[in-house]
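Please read each point beside the coordinates.

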Amino acid sequence: MEEKNFICTACPMGCKLIVRMEGDEVVKILGQRCRRGETYGRQEAIAPQRMVASTVRVVGGLHPLLPVYTKGTIPKRRIGDVLAAIRAVEVKAPVKATQVIIPNVIGTGVDVIASRDMPEK
Amino acid sequence: MLTKKQYDVVVIGSGPGGLAAAIEAKKGGADDVLVIERDVELGGILLQCIHNGFGLQTFKEDLPGPEYAQRYINEAKTLGITFLMDTMVMDVTSQRKLYLTSRDLGYIEVDAHAIVLAMGCRERTRAQVRIPGYRPNGVFTAGTAQRWVNVEGYMPGNNFVILGSGDIGMIMARRLTFEGAHVERVLEIQSYLSGLSRNYVQCLDDWGIPLQLQYTVKKIIGKNRVEAIEAVAVDDKWNFIPGSEEIIPCDTLLLSVGLIPENELSKKAGVLLDPVTGGPYVDEHFQTSVPGIFAAGNVVHVYDLVDYVSMAGSEAGRSAAEFALAEKERSARYIPLVPGKNVRYIVPHKLDKQALENGDISLQMRVTKPIEEDVWLEVHGEENSIVRRSERYVRPGEMVTIVLKPKMAAEVEKAGRLTVDIYPKSEA
Amino acid sequence: MQEKYDYLVIGGGVVGAMIARWLSRYEGKLLLIEKEADIGMGSSSANTAIVHAGYDPLPGSLKALMNVRANPMWDQLAGELNFPFERRGDYVVAIGEEERPLVEKLMQQGIKNGVPGMVMLDAGEMRSRERDINPDVSGALWATTGGICDPFQVTVAAAENAVINGATVLLNTKFEDFIWEGNRVIGVKTNRGDFFARWVINSAGIYSDAVMHKAGVRPEFFIKPRKGEYFIFDRAEVQIHNVLFPVPSSRGKGILVTATLHENTIVGPNANVIDDKEDTSLTKEGMDELLDGAKKLIPSLNLRHSIANFVGLRPMGNGPCYTPGINYNNDYVIEVPSSVQGFVNLGGIESPGLTSAPAIAEMVVDLMKDAGEEFVAKKYWDPIRPPRPRFAHMTHQERKLLCDMDPRYGRVICRCENVTEGEIIREIHAPIPATTYDAIKRRTWLGTGRCQGGFDMLRVVAILSRELGISPLKVTKRGTGSEFLFRQTKDLEVSDVN
């Protein structure tokens with residue numbers, strides 16, 4: 001049996017969770033005070049997910065960088081690959097907020113989209 | 001180009017507080033709403049907060065800062081609000097006159113029936129924390145670094161130590177790591193985390209960045225550029241614990257040691273500030289101690305969630321519009337009393353047309369010279385006569401009174417101003 | 001480089017700048033070399049900014065002579081060079097009855113030095129002059145000829161006037177050695193090449209001992225840096241109107257609490273002799289010392305209201321007293337040494353160095369005349385250095401006119417101190433160009449307010465980059481090695497972040 005410790009981020013309370021695992025299966029979750037915490041603990045123990053926010057280079061825009069983010073969570077262990085994919089991209093202004101910059105980034109099924117309008121310079 | 005000189009509501013700052021205020025002011029019936037922003041575009045500090053966590057309450061979505069701002073910017077643009085960017089407000093008076101300056105407009109004055117102060121806050125700086133050592137380059141507040149990294153596109157260092165476990169510091173720890181820099185340590189002088197535990201997990205714990213509670217910076221090392229900092233443990237009273245010093249090599253020290261509401265303009269306008277919050281005293285409508293001047297957002301006190309800032313901004317904007325409309329209506333009812341022929345002055349100088357319906361109004365005046373014959377005393381508008389009576393003589397030493405009566409209200413209503421002439425009957 | 005000059009001044013502090021200005025009145029090619037990225041970056045910009053009345057230096061010393069001779073020159077100087085200057089008078093405040101005789105003794109010393117306009121005040125009078133003064137005040141010396149200035153503005157104004165009158169100023173140019181012809185100095189070697197001159201003047205401040213030793217002059221003379229730390233207080237919270245000295249001690253004039261011309265209050269300096277001539281670090285002990293000293297004069301002073309600190313090093317020399325026979329060995333060295341031709345030597349110009357600078361410049365020229373130099377006055381020497389508009393100090397109407405004339409004055413860059421883009425651009429292209437962030441800060445006072453550069457720093461870096469035609473990565477705070485930015489965010493060799 002393995003015991004994993006997490007601080008829950010489902011809400012600002014930050015309960016300290018203990019998740020007991022047998023191999024890949026969650027056996028018990030302790031320390032949560034609500035169902036969202038239980039869900040979080042389970043996910044975090046088996047396959048932690050994160051949203052990723054970063055910037056891409058823009059050509060001809062008001063600023064040289066456009067903020068972007070993953071519209072949904074991706075596996076935590078693949079954050080580095082997502083960032084590398086984002087770094088490889090360059091977009092041309094103008095861009096509209098929520099415009100898809102990288103569809104289905106590294107095969108996660110999640111799009112990387114623009115966080116704001118970026119007008120031309 | 002700025003066509004108007006008089007606005008119903010002027011909002012200073014286009015961050016979440018200002019944008020929400022402007023939108024609600026316009027929806028609340030204010031015709032002319034002006035937003036003044038010192039940066040080149042709208043959005044305020046949200047534009048550099050590219051991480052998620054905004055809008056959970058307002059939109060039930062987890063948005064990054066810029067997108068949260070974009071929603072408000074989009075709505076504001078559809079409403080016919082006037083925007084001035086790259087413009088600084090130099091002065092605000094308690095009579096709600098504003099002095100603005102920008103490259104395009106030069107130095108101009110604008111009057112407002114109501115003002116919403118939404119200038120946000122500034123970061124506590126190095127000197128206020130009084131860190132010994134040199135003053136090399138490489139000591140920046142976390143917000144300054146954030147703007148460089150996220151907006152201007154430059155990295156202000158490669159190896160960082162962050163002082164303060166506030167949210168901005170933790171967010172930057174992750175941000176810098178994402179862009180290939182190395183964050184060596186986060187030091188926090190208190191025994192507890194300053195910011196949200198969610199950020200501890202996702203910004204520090206996820207990336208193996210150590211957080212040392214009850215630690216601070218004892219000295220900054222490096223003459224031209226930071227070369228290292230000397231960290232030291234502290235007790236509950238913030239005294240250094242001897243022997244706990246550690247030299248941490250780095251080239252940048254980021255400060256995330258607190259936010260201070262930015263109330264320079266508020267002070268100029270005569271707004272009273274609460275020394276505890278650092279922001280204006282406000283009532284439930286976010287009106288300050290100066291009638292017609294409202295304040296919303298971080299300029300009042302430091303908020304934790306932007307959603308609450310937007311709510312405050314909306315309330316302030318709504319109330320500002322209400323005040324502006326009442327003020328406009330009230331001042332529209334006033335007409336000036338103008339001294340005409342042989343009249344030196346009249347008191348009152350202006351009167352509320354509506355007030356005449358409720359009772360007599362006495363006009364008191366003096367003449368410029370004695371007229372020792374029968375005279376007419378006449379009150380008239382631009383095109384109509386209101387009342388005329390006679391006197392045997394008039395002299396400067398004796399005050400003259402003319403009474404306006406409620407029955408004259410209808411005629412007074414037609415006038416934009418009332419003039420009083422006194423002249424001999426022989427000249428009529 | 002094989003340029004031939006008549007006069008070469010080593011060191012661009014206030015003394016070097018004043019010497020250059022005074023020499024620029026005469027025919028001859030004049031060069032001033034300064035090792036830092038800007039003029040006046042040493043002691044000249046990190047001091048208490050006082051134009052001293054002259055009661056403090058020992059009678060018979062060159063310090064006393066120069067101080068008292070220079071003090072009356074400042075009104076004309078301020079008018080010609082257009083820098084801010086005010087004579088508010090100095091107060092030396094006696095706390096407790098036992099200090100009163102010390103202050104009276106100081107007045108006697110001032111009379112001996114020839115200082116005019118000194119008045120003894122009783123406790124009540126002093127309290128009425130400064131409301132928050134220590135209630136144990138027993139009296140004060142009021143020296144009415146004392147004044148305050150902005151020492152950096154003085155330095156840059158003098159240097160610019162020299163340039164207006166034909167002088168060349170080379171920044172980032174560091175003296176390395178002399179060039180000789182027998183026992184005559186004919187030039188200097190620097191990190192940017194050799195420069196030849198008929199006269200070389202040593203005005204190198206804290207390094208003047210190293211320079212004179214290279215000429216074989218006064219091997220026994222040494223400069224020890226005396227560190228002075230300062231606090232600056234928020235003008236909105238602390239309002240001191242006067243220049244307040246404590247009773248002096250053997251360590252010096254003591255820790256002052258004084259108004260400045262920027263309407264701030266500063267507290268300092270302490271006085272600790274150190275070894276490292278580059279050590280301008282602020283210390284915790286120093287800050288504690290400053291607070292104790294300040295509270296002696298103004299007990300209500302609260303550290304919470306401080307917004308900045310700075311540190312200056314005074315070049316304390318061991319020169320013998322100018323008047324032989326007096327037991328004093330921290331006096332100025334200002335001489336044309338007999339052992340070397342073509343060399344004017346200055347050393348140990350600490351306080352009252354700022355005050356004395358115009359008189360020192362005159363003395364240098366006189367010594368050169370005595371040594372046989374035949375000066376020919378220029379037909380057209382312009383004493384005036386024109387003022388530049390300061391948005392912060394203008395009325396609404398003046399600001400409007402300025403913006404109409406040049407729209408760049410409409411863009412405010414430093415919100416706390418109201419400094420505009422027009423002013424910044426003007427300084428970047430001034431006769432002594434401001435090419436670093438600190439250089440602009442010293443000239444315009446930007447970034448010194450409550451936010452300490454939080455708003456303006458990014459914008460100034462962008463403006464410097466644009467106006468100098470350099471990448472933002474090359475913009476520095478105080479010269480090479482103090483760059484702001486390391487690379488572009490997306491410029492990365494290492495691509496993995498895990």
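The points below go from confidence and numbering to the chains, their contacts and a few strand pairings.

1. Basis of the note. This is a predicted model, in which local features need pLDDT of at least 70 and side-chain atom pairs count only at pLDDT 80 or more, whereas totals for chains, interfaces and linings use all residues. Residues are numbered from 1 along each chain as its sequence is written, and chains are lettered from A and ligands numbered from 1 in the order in which they are written.

2. Confidence. The model has an ipTM of 0.92 and a pTM of 0.89.

3. Overall form of chain B. Chain B contains nine helices and 28 strands, where helices (H or I, at least four residues) and strands (E, at least two) are DSSP runs numbered from the N terminus. Its radius of gyration is 30 Å, well over the 22 Å given by the globule rule for 428 residues, so chain B is more spread out than a compact globule; the radius is taken over C-alpha atoms, and the rule is 2.2 Å times the number of residues to the power 0.38. The C-alpha trace of chain B spans about 100 × 45 × 40 Å along its principal axes. Of the 428 residues in chain B, 52% are buried, a residue being buried if 20 or more other C-beta atoms, placed from the backbone, lie within 10 Å of its own, exposed if 12 or fewer, and partly exposed in between.

4. Overall form of chain C. Chain C has 13 helices and 23 strands, and its radius of gyration of 23 Å agrees with a value near 23 Å for a compact globule with 498 residues. The principal axes of its C-alpha trace span about 70 × 60 × 55 Å, and 56% of the 498 residues in chain C are buried.

5. Domains. By an automatic or database domain assignment, chain C is divided into domain 1 (4–44 + 152–222 + 318–370), domain 2 (85–147 + 224–314) and domain 3 (391–474). The centres of domain 2 and domain 3 of chain C, taken over C-alpha atoms, are separated by 32 Å, and four residues of domain 2 are in contact with four residues of domain 3, contact meaning that the C-beta atoms of two residues, placed from the backbone, lie within 7 Å. In chain A the assignment gives domain 1 (2–46) and domain 2 (53–114), with C-alpha centres 30 Å apart.

6. Chain C against chain B. Here 43 residues of chain C are in contact with 41 residues of chain B. On the chain C side, α8 (284–297), β18 (306–317), α10 (396–405), α13 (456–468) and β23 (487–488) each supply at least two residues, and α10(C) gives the most, with five residues. By class, this side of chain C has 17 nonpolar, 13 polar and 13 charged residues; Ala, Val, Leu, Ile, Met, Phe, Trp, Tyr, Cys and Pro count as nonpolar, Asp, Glu, Lys and Arg as charged, and the others, Gly among them, as polar.

7. A strand pairing between chains. Strand β11 (residues 154–155) of chain B and β23(C) pair in the antiparallel sense over two bridges, pairing being assigned if DSSP finds at least two bridges between two strands. In this pairing Met155(B) is opposite Arg487(C).

8. Chain A against chain B. This contact takes 21 residues from chain A and 20 residues from chain B. On the chain A side, β5 (53–59) and β6 (65–70) are the elements that give two or more residues, and the classes are eleven nonpolar, six polar and four charged residues.

9. Pairings of β25 in chain B. Strand β25 (residues 375–380) of chain B is joined to strand β26 (residues 385–391) of chain B by six antiparallel bridges, with His380(B) opposite Ser385(B), and β25(B) and β26(B) form a hairpin with four residues between them. β25(B) also pairs in the antiparallel sense with strand β28 (residues 418–424) of chain B over six bridges, where Val379(B) has Val420(B) as its bridge partner.

10. A sheet in chain C. The strands β3-β8-β4 of chain C, in that order, form an open sheet of three strands with antiparallel pairing. β3 (50–51) and β4 (85–86) of chain C are at the edges, each with a single partner strand, so one side of each is left without a neighbour in the sheet. Two bridges join β3(C) to β8 (residues 147–149) of chain C, and Ile50(C) is opposite Ile148(C).
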